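Hi,

Here is the structure I promised to pass on to you. Have a look at it first, and then read my notes below.

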Amino acid sequence: MKIEIYDTPDLLAEAAASLWIKLSRQAIARKGCFFVSLSGGSTPRRLFTLLAQEPFRSEINWQQCYIFFGDERCVPHDHAESNYRMARETLLDKVDAPHVFPIPTNDVNEANIRQYASTLIGEMGQPPVFDLVFLGLGADGHTASLFPGTGAINITDREVLAVYVEKMNSWRISLSLPVINHARNVAFLVEGEGKADIVKEIIQDKPGVYPAEKIQPDGELLWCLDKAAAEKLK
Ligand code: 6PG
């Protein structure tokens with residue numbers, strides 16, 4: 001595990017953009033494609049905005065990037081809460097990326113879950129192995145939509161799962177823990193003082209109770225933090 005701490009959220013986003021450039025170049029040189037999973041929520045907005053601008057934009061071979069989503073809220077793709085909508089507005093509508101695979105959310109049903117799983121397998125093979133999975137971190141220790149108290153973290157016999165999040169009164173669709181842990185690289189992007197407590201618990205205290213603690217990829221695990229989120233780390 002590697003921890004990188006940046007003075008500001010902008011510097012954190014620049015580091016994440018440089019990681020995309022580095023890993024995509026390596027993957028495309030090796031196998032002609034780069035499989036990446038985008039995180040949701042608000043943190044990645046800065047990263048996506050940067051990736052759509054120079055100098056980062058033209059450093060990336062968008063034609064060979066295969067862009068998936070780590071999780072999605074079960075709302076229409078044009079809904080304000082949609083992770084896909086946020087990624088489109090900040091990045092995907094601004095670059096020529098022909099291989100983008102949003103999670104189907106017209107309904108929370110087995111068919112949509114199986115469909116996304118077969119998309120993953122169809123594009124990446126079995127098991128699907130991402131070159132890079134971006135993850136966010138909730139103050140409750142969730143990541144993707146693997147929320148505590150839902151049992152989602154323990155579902156290991158499928159690639160994609162649906163989870164009802166009581167406290168949000170909403171359904172989510174998420175990659176499962178095994179798919180994330182098969183990744184060659186997993187990068188948490190975490191910013192803000194509101195995450196300082198959970199970051200300390202997960203990275204330092206390790207109580208073994210949070211879903212994010214189970215992210216232990218076969219490949220590299222990188223924590224990209226801004227100073228505020230890293231505030232309580234020794
Ligand atoms: C989502 C995410 C979720 C997110 C964390 C952090 O759909 O909300 O995938 O796991 O990454 O909740 O969210 P913020 O970046 O908004 O703090």
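Tyrosine 84 counts as buried, because its relative accessibility is 14% and buried means under 20% relative accessible area, with exposed over 50% and partly exposed in between (1.4 Å probe, protein chains only). Before you go on, please note that this is a predicted model, in which local features need pLDDT of at least 70, side-chain atom pairs count only at pLDDT 80 or more, and totals for chains, interfaces and linings use all residues. Residues are numbered from 1 along each chain as its sequence is written, and side-chain values use heavy atoms, with hydrogens and water left out.

Now for the aromatic rings. Rings of Phe, Tyr and Trp (its six-membered ring) pair if their centres lie within 6.5 Å; planes under 30 degrees apart are called stacked, over 60 edge-to-face, and the rest tilted. This rule gives 10 aromatic pairs.

One of them joins tryptophan 20 and phenylalanine 134: the ring centres are 6.2 Å apart and the planes stand at 25 degrees, so this pair is stacked. Tryptophan 20 belongs to helix α1 (residues 9–31) and phenylalanine 134 to strand β6 (residues 132–135), so the pair ties together parts that are 114 residues apart in sequence. Helices (H or I, at least four residues) and strands (E, at least two) are DSSP runs, numbered from the N terminus. Tryptophan 20 is buried, at a relative accessible area of 0%, and phenylalanine 134 is buried too, at 1%.

Tyrosine 84 has a ring partner as well, phenylalanine 69: their centres are 5.7 Å apart with planes at 85 degrees, so the pair is edge-to-face. Here strand β3 (residues 65–69), which holds phenylalanine 69, is tied to helix α3 (residues 83–92), which holds tyrosine 84. Phenylalanine 69 is buried, at 2% relative accessibility.

Next, a sheet to find on your screen. Strands of a sheet pair through backbone hydrogen bonds, either parallel or antiparallel. Strands β7 and β8 (residues 170–175) pair over six bridges, and alanine 162 has isoleucine 173 in β8 as its bridge partner.

Enjoy exploring!

Terms used:
Pairing = 2+ DSSP bridges.
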